[in-house]
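Grab your viewer and follow along.

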Amino acid sequence: MTIFNKFMRIRNFMRPYNGAGSFVVLAKRTFSNGAFDYDLVVIGGGSGGLACAKEAVNQGVRVAVLDYVTPSPQGTKWGLGGTCVNVGCIPKKLMHQAAILGESIHEAVAYGWQVPALDQIKINWTALTESVQNHIKSVNWVTRVDLRDKKIEYINGLGAFKDPHTVVATMKNGSKKELTARNVVIAVGGRPHYPDIPGAMEYCISSDDIFSLGHPPGKTLVIGAGYIGLECAGFLNSLGYPATVLIRSVPLRGFDQQMASMVTNEMEMKGVQFHHKAIPVSVEKLETGQLKAKWLNTETQKESEDVFDTVLMATGRYALTKQLNLDAAGVSTLSTNGKIVADTEQTNVPHVYAVGDVLEGRPELTPVAIHAGRLLARRMFAGGNQQMDYENVATTIFTPLEYGCVGLSEDTAVQRFGADNLEIYHAYYKPTEFFIPQRNIRNCYLKAVALREAPQRILGLHFVGPVAGEVIQGFAAAVKCGITMEQLMNTVGIHPTVAEEFTRLNITKRSGKDPNPASCCS
């Protein structure tokens with residue numbers, strides 16, 4: 001009877017794993033730790049690495065996560081969770097929200113709210129940064145508790161390869177700990193790049209520092225006009241700290257350039273100053289404690305200078321691969337900028353993988369890293385075969401007037417398909433909330449990039465306006481499913497919303513008709 005009971009228990013346990021592939025997975029689960037300390041070691045405690053580790057441990061394997069933050073040139077450091085939680089998406093969105101709230105106080109007067117002394121409304125920088133950092137620390141704590149509860153070993157050490165299956169963690173006190181692993185996932189992300197000019201490392205800050213800066217930033221120069229630079233300049237200016245931006249080539253490189261111009265036009269109208277074709281030359285600290293920055297116009301060769309309280313570098317990011325000793329692991333698939341080339345997240349070494357911002361040619365977005373990490377863990381330990389789809393990933397730039405998009409830009413679509421094979425539907429619109437305070441609507445604009453041939457499959461959707469991220473998220477699923485202009489036009493919108501403007505699109509650029517709205521309800 002005992003033998004029969006054991007047989008039935010084994011039979012019931014095996015039932016979910018019918019099939020040869022699943023049997024291999026069971027064998028991995030049962031016999032995986034023969035010669036290794038762990039089935040999986042993840043180097044990097046950011047969103048992608050943590051998602052991969054959690055999914056892996058759900059499959060019954062033993063996992064360790066290594067994470068260590070090297071302080072920024074200005075000495076800023078933070079806890080577990082990676083860029084997004086500590087110095088990226090989360091604090092950025094909170095600062096953006098603080099800026100929106102400040103502007104809303106002024107607009108409230110037009111709606112009948114009695115707000116005394118509008119000219120006295122100002123931000124308390126210390127209170128803001130303390131609130132933001134308190135939230136971040138709470139997320140750090142929850143993340144550590146979650147790892148503990150899931151029995152994932154967390155090691156606060158800087159990881160590097162000793163050989164293909166051995167990772168050495170260098171601890172804060174200098175001691176070292178060796179771990180052997182059947183599989184290794186590299187998820188170290190990246191850090192801000194500093195240009196090689198006098199004073200950059202000594203006196204400038206970056207997005208690593210701004211969200212915990214111990215004093216009000218004051219008049220700020222932002223060097224770089226990618227999404228990080230524009231977002232920082234946007235919320236700083238709205239919080240009352242004058243912002244100037246140096247643009248080397250074009251704003252928001254890689255994004256639709258018509259929409260990028262809408263974003264920067266709105267920022268200029270709000271008071272942000274832009275210097276085009278400008279590269280930094282030097283940053284010098286004055287006796288007053290202020291910083292004198294010099295820059296060069298690459299077209300006119302004219303050099304300019306001004307004095308600022310803060311200079312923020314936003315000239316791109318670099319992957320943290322040099323510290324990994326990848327040669328010892330045999331990983332050789334690196335791009336010229338140090339990122340890992342791995343089409344399916346698998347490097348040239350079969351058991352070494354990479355996810356997140358460290359990958360070459362992949363969107364540097366938190367949800368991308370999370371989804372890729374989970375799918376990778378399922379392929380490694382659960383017999384999964386689904387690959388990460390990096391096409392048609394939606395994103396939003398949280399500038400004062402937000403920009404959300406999914407799919408191809410008009411520029412890229414023209415390159416791929418040719419202008420004659422495309423139809424661009426576009427429109428300006430008037431958010432209902434803007435009417436009473438008489439907010440500027442000149443840059444509230446959207447467009448759909450579609451194939452010209454019926455049924456006109458949509459290749460890209462672009463939206464500049466309030467709550468752009470909330471608007472574009474739902475449409476991203478539709479684009480993923482292959483939505484056409486015919487289907488979009490036959491969708492009934494929710495009125496009055498800004499999202500419904502996509503369902504009202506009917507004017508093409510080719511027609512030459514006026515895309516400005518005639519009325520709001522017809």
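## Annotated sites

UniProt, in an unreviewed entry, places the feature "binding site" at Gly224, Ala225, Gly226, Tyr227, Ile228, Gly229, Leu230, Glu231 and Gly316. They are spread over 93 residues of sequence yet cluster in space, with a largest C-alpha distance of 13.6 Å. UniProt positions follow the numbering used here, feature names are shortened, and annotations may be inferred rather than shown by experiment.

A word on the ground rules: this is a predicted model, where local features need pLDDT of at least 70, side-chain atom pairs count only at pLDDT 80 or more, and totals for chains, interfaces and linings use all residues. Residues are numbered from 1 along each chain as its sequence is written, and side-chain values use heavy atoms, with hydrogens and water left out.

Back to the listed positions. Leu230 is found in helix α8 (residues 227–238), and Glu231 has its place in helix α8 too. Helices (H or I, at least four residues) and strands (E, at least two) are DSSP runs, numbered from the N terminus. Leu230 is buried, with a relative accessible area of 0%, and Glu231 is buried as well, at 2%. Buried here means under 20% relative accessible area, exposed means over 50%, and partly exposed is in between (1.4 Å probe, protein chains only).

What does Leu230 touch, leaving aside its neighbours within four places in sequence? The contacts are Ala225, Val245, Pro251, Leu252, Val263, Thr264, Met267, Phe274 and Thr399, where contact means heavy atoms within 4.5 Å.

His495 sits in the segment after α15 and counts as partly exposed at 45% relative accessibility. Beyond its neighbours within four places in sequence, His495 is in contact with Glu500, Cys520 and Cys521.

## Two open sheets

Strands of a sheet pair through backbone hydrogen bonds, either parallel or antiparallel. In this model, five strands make an open sheet in the order β18-β19-β22-β21-β20, with antiparallel pairing; two strands pair if DSSP finds at least two bridges between them. At the edges stand β18 (395–397) and β20 (422–428), each with a single partner strand, so one side of each is left without a neighbour in the sheet. The twist averages 10° from one strand to the next.

Three bridges join β18 and β19 in the antiparallel sense. Across β19, β20, β21 (445–451) and β22 lies α9, running at about 175° to β21. Axes are lines fitted to C-alpha atoms, for helices over the stretch in contact, and angles run from 0 to 180 degrees between N-to-C directions.

The other open sheet has three strands in the order β12-β13-β14, also with antiparallel pairing. Its edges are β12 (278–285) and β14 (303–308), each with a single partner strand, so one side of each lacks a neighbour in the sheet. On average, neighbouring strands of this sheet are turned by 25° against each other, direction ignored. β12 and strand β13 (residues 291–297) pair in the antiparallel sense over seven bridges, and Glu284 stands opposite Lys292 in β13.

How many aromatic pairs does a search of the whole structure find? Eight. Rings of Phe, Tyr and Trp (its six-membered ring) pair if their centres lie within 6.5 Å; planes under 30 degrees apart count as stacked, over 60 as edge-to-face and the rest as tilted.

Take Phe255 and Tyr403: the ring centres are 6.0 Å apart and the planes are at 65°, so the pair is edge-to-face. The pair links distant parts of the chain, 148 residues apart, with Phe255 in the loop between β10 (243–247) and α9 (257–269) and Tyr403 in strand β19 (residues 402–407).

Phe463 and Phe502 also have ring centres 6.0 Å apart, but with planes at 40°, so this pair is tilted. Phe463 lies in strand β22 (residues 458–465) and Phe502 in the segment after α15 (485–489), so the pair ties together parts 39 residues apart in sequence. Tyr429, Phe463, Phe475 and Phe502 form one aromatic cluster.

Here is the burial of these ring residues:

| Residue | Relative accessible area | State |
|---|---|---|
| Phe255 | 19% | buried |
| Tyr403 | 0% | buried |
| Phe463 | 0% | buried |
| Phe502 | 1% | buried |
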